[in-house]
Amino acid sequence: MSNITIRELTFEDKEAFLKAMLHSQSLHQSWVTPPLTSQEFDEYWQRFQQPNQKSYLACDELDNIVGVFNVSEIVRGAFQNAFLGFYGIKVYSGKGYMSTGLKLVQKKVFEELELHRLEANIQPENTRSIQLVKKNGFRYEGFSPRYLKINGEWRGHEHWAITSEDYLSDTPEVLKRDHVNLVPYNLEWPKLAQTEIEKLKSVFPVSTIIDIQHVGSTAIPGLSAKPILDIQIAVQSLEDMKLFAVPILQKLGYEYWDNNPDHKRMFFVKGMPPYGEKRTHHVHIFEHNSDH
């Protein structure tokens with residue numbers, strides 16, 4: 001792959017930018033409406049001179065534009081949030097340049113701009129863009145009908161977001177903090193597990209849970225174990241749980257580990273760095289007839 005870099009848009013990019021957009025209309029159609037005329041570019045460039053707007057060009061080693069990333073509506077204070085828009089250039093499509101560029105944009109956003117959250121709003125049919133953000137650590141947060149006006153039509157969009165904690169989650173420093181030691185058996189583990197089970201029962205619809213149990217090494221009296229309480233939930237349908245389990249458990253402080261390799265379960269962690277100081281609970285959701 002070529003050596004991809006990102007830099008801020010300049011007015012001198014006008015000719016090359018418009019040429020790239022005109023040649024990429026079939027790729028952009030239905031999804032985005034970038035500037036196509038000299039006047040539209042002038043208005044576009046002026047917008048990104050404001051302090052709460054950033055436009056980055058992803059370029060190859062010859063400074064050819066291979067993609068565009070816009071970080072807009074930057075909000076400071078208690079929010080520290082911005083919105084991400086992006087589009088590729090047709091001749092460079094499918095080469096992995098946008099994924100490389102997005103990683104560089106994330107570095108800008110979380111390390112230089114020091115934002116906490118970045119949100120991308122994408123039409124559900126735009127599967128390539130959804131795969132791009134999902135591959136780069138964004139999580140699904142919901143859907144809003146008639147959310148943005150694209151080509152004169154109000155269209156529904158999925159909300160995908162990444163926080164600074166998500167961005168940092170695979171760094172060596174965080175992985176070191178997530179180290180877990182074995183400790184002697186603790187008589188409080190069954191009580192703590194039962195307390196958590198009652199919380200879980202209270203937030204899920206009664207009809208969705210067939211059984212829920214404290215499992216794993218902390219459930220065996222007298223056994224030294226990792227001090228993490230494992231709770232297993234048996235359900236009728238894993239696919240149904242995927243529709244609502246994530247936001248329910250997030251309210252209790254759990255993070256969904258969606259890239260965990262076992263696709264026959266949903267796996268949640270409470271307290272895992274950088275979302276917390278130390279893991280305290282795991283929740284495993286399986287179908288009741290699973291091998292597990």
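View 1. Arg7 counts as partly exposed because its relative accessibility is 23%, in a model that is predicted. This residue sits in strand S1 (residues 5–8).

**View 2. The Asp13–Arg7 salt bridge.** Asp13 pairs with Arg7 in a salt bridge. The closest N and O atoms are 2.7 Å apart. Is Asp13 buried or exposed? Asp13 counts as buried, because its relative accessibility is 8% and the cut-off for buried is under 20%.

**View 3. The Asp63–Arg7 salt bridge.** Asp63 also forms a salt bridge with Arg7. Here the closest N and O atoms lie 3.2 Å apart. The pair links distant parts of the chain, 56 residues apart. Asp63 is in the loop between strand S2 (54–59) and strand S3 (65–75), while Arg7 is in strand S1. At 43% relative accessibility, Asp63 counts as partly exposed.

**View 4. The Arg117–Glu119 salt bridge.** Arg117 and Glu119 form a salt bridge, with 2.9 Å between the closest N and O atoms. Arg117 has 14% relative accessibility, so this residue counts as buried. Glu119 is buried too, with a relative accessible area of 9%.

**View 5. The network of Arg7, Asp13 and Asp63.** Which residues do salt bridges with shared partners join into one network? They are Arg7, Asp13 and Asp63. Arg7 bridges to Asp13 at 2.7 Å and to Asp63 at 3.2 Å. Side chains of opposite charge can pair when their charged atoms come close. The count for the model comes to 16 salt bridges.

Key: Residues numbered from 1 in each chain as written. Predicted model: local features only at pLDDT ≥ 70, side-chain atom pairs only at ≥ 80, totals over all residues. Heavy atoms only, no water. Salt bridge = Lys/Arg side-chain N within 4 Å of Asp/Glu carboxyl O. Buried < 20%, exposed > 50% of the residue type's maximum accessible area, 1.4 Å probe, protein only. Helix = DSSP H or I, 4+ residues; strand = E, 2+ residues; numbered from the N terminus.
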